[in-house]
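Subject: A structure for you to look at

Hello,

Here is the structure I promised to pass on. Please open it beside this email, and then read on for what turned up in it.

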Amino acid sequence: MSIKNIRIEVMQTLEKNIDVFVDKFLIPVEKIWQPTDFLPNSQKDTFIDEVKEIQEISKELDDDFWVVMVGDMITEEALPTYESWLMNLEGVQQDQEKDPENGWAKWIRAWTAEENRHGDVLNKYLYLSGRVNMREVEMSTQHLIADGFDIGTAQDPYKNFVYTSFQELATYVSHNNVAKIARQKGHTALAKMSKIIAGDEMRHHIAYSDFVKEIFKVDPSEMMLAYYYMMKNQIIMPAMFLRESHAEKASLFDQFSIVAQRAGVYTGFDYVDIMRKLNVLWGIDKISGLTPEAEKARDYLMRLPDRMYRLAERAVLPDTAYKFKWMNQI
Ligand SMILES: [Fe+2]
Ligand SMILES: [Fe+2]
């Protein structure tokens, strides 16, 4: 059987448990938090005072912090890109043609619904904060969705689940660090909001890494090679193609990434840490029955975190004060 057909078969086997996965890893709409729970209630007389308070304390946080918040929000708002990309995976697409109500489509839609709240709450909060130029932010969001992205996985579900396992953990780290900084500055509402988003990301990370664990059980060599491929090429961040208005695609990422590292929200050390966690979580040192090629891939993956750590240690961050249009006064 071809590699592609084996993947489709593995996806169909996993799909039999979709209802279990949905119940275990996702939360029904009526039970989960909603953006409004963390925002001033616009139906109440206290609304204006609460907004004024947010605007006052928002002055306490520096521009680097707000730039990171904007980038995090925009990448959450690019959700249509991620949903349509997941719907095209091998094993999802074929099933959809047969039955639009198939299991994987159900998972992806329910996951998308959960994710939708992240960009929503952050967007509203940024708007109320009075610290950012929302029109510029909106144009960057629209560009990112229009530009789409290529994370180098094609339609391979194995590579994609490595990507989502990694990326959900990376967003956990990022939102969690934002929560810590906000708390230190006495910005309690923002801290709570970021913390609860981080909690969702952790739950999603556990789900996607569980799918990978299951695949390791039935197709270990191919799963190892997919993991190797993704890590060797490095995980591309959803912010990769960020741009400002009137600028070229991807022209903002380098600056954004430096600011995120400088603010301590997401650094090269976090990247290494995530790799280490995935190696342990999937117990890759203990996986047996591998082909010689997959054995080699495993050895590479075991050594990679230390190599990347040394690179992160050597990295020098410039202290340039970048001018982001997101921070321009209107
Ligand atoms: Fe999210
Ligand atoms: Fe997530």
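A donor here is an N, O or S atom within 2.8 Å of the metal, and water is not among the atoms, so sites may look incomplete. Please also keep in mind that this is a predicted model.

Glu168 is buried, as its relative accessible area is 5%. His204 is buried too, at 1% relative accessibility.

The iron ion (ligand 1) has its own set of donors: Glu76 (OE), Glu76 (OE), Glu115 (OE), His118 (ND1) and Glu201 (OE), at 2.1 to 2.4 Å. Their spacing along the chain reads E-x38-E-x2-H-x82-E. Glu76 belongs to helix α4 (residues 63-77) and Glu115 to helix α7 (residues 103-129), so this pair ties together parts that are 39 residues apart in sequence.

How far apart are the iron ion (ligand 1) and the iron ion (ligand 2)? The distance between them is 3.8 Å, and Glu115 coordinates both.

**Aromatic rings**

Next, have a look at the rings. The structure holds 22 aromatic pairs. In one of them, Trp85 and Tyr163 have ring centres 5.8 Å apart and planes at 90°, so the pair is edge-to-face. Why does this pair tie together parts that are 78 residues apart in sequence? It does so because Trp85 lies in helix α5 (residues 79-87) and Tyr163 in helix α9 (residues 157-184). Trp85 and Tyr163 are both buried.

Another pair is made by Trp107 and Tyr208, whose ring centres are 5.9 Å apart with planes at 90°, so this one is edge-to-face as well. The pair links distant parts of the chain, with Trp107 in helix α7 and Tyr208 in helix α10 (residues 188-218), 101 residues apart. Trp107 and Tyr208 are buried. They also take part in one aromatic cluster, formed by Phe21, Phe25, Trp104, Trp107, Trp111, Phe161, Tyr208 and Phe211.

Two rings have a charged side chain over the face. Arg7 lies over Tyr158, at 4.1 Å from the ring centre, and Lys249 lies over Phe241, at 4.5 Å from the ring centre.

In soluble globular proteins, nonpolar side chains tend to be buried together. Here, the largest nonpolar core has 104 residues, and those with the most contacts inside it are Trp107 and Trp326. Helix α9 gives the most to this core, with 11 residues. What does Trp107 touch, leaving aside its neighbours within four places in sequence? Its contacts are Ile18, Phe21, Val22, Phe25, Leu26, Ala207, Tyr208 and Phe211.

Helix α5 contains Thr81, which is buried with a relative accessible area of 12%. Not counting residues up to four places away in sequence, Thr81 touches Leu144, Ile145, Gly148 and Phe149.

In helix α12 (residues 253-262), the buried residues are Phe253, Phe256, Ile258, Val259 and Ala260. Helix α4 is included in what covers them. After α12 comes Gly264, with a positive phi near 75°.

**How confident is the predictor?**

The mean pLDDT of the chain is 94, and 98% of its residues reach 70 or more. Where is confidence lowest, and where is it highest? The lowest mean, 68, belongs to helix α6 (residues 93-98), and the highest, 98, to helix α13 (residues 268-281). Where pLDDT is low, the predicted coordinates should not be read in detail.

Definitions and conventions
Residues are numbered from 1 along each chain as its sequence is written. Chains are lettered from A and ligands numbered from 1 in the order in which they are written. This is a predicted model: local features need pLDDT of at least 70, side-chain atom pairs count only at pLDDT 80 or more; totals for chains, interfaces and linings use all residues. Side-chain values use heavy atoms; hydrogens and water are left out. Donors are N, O and S atoms within 2.8 Å of the metal (3.2 Å for Na, K and Ca); water is not among the atoms, so sites may look incomplete. Helices (H or I, at least four residues) and strands (E, at least two) are DSSP runs, numbered from the N terminus. Buried means under 20% relative accessible area, exposed over 50%, partly exposed in between (1.4 Å probe, protein chains only). Contact means heavy atoms within 4.5 Å. Rings of Phe, Tyr and Trp (its six-membered ring) pair if their centres lie within 6.5 Å; planes under 30 degrees apart count as stacked, over 60 as edge-to-face and the rest as tilted. A charge sits over a ring if NZ of Lys or CZ of Arg is within 6 Å of the ring centre and within 35 degrees of the ring normal. pLDDT is the predictor's confidence in each residue, from 0 to 100. A nonpolar core is a set of buried Ala, Val, Leu, Ile, Met, Phe, Trp, Tyr and Cys residues joined through side-chain atoms within 4.5 Å.
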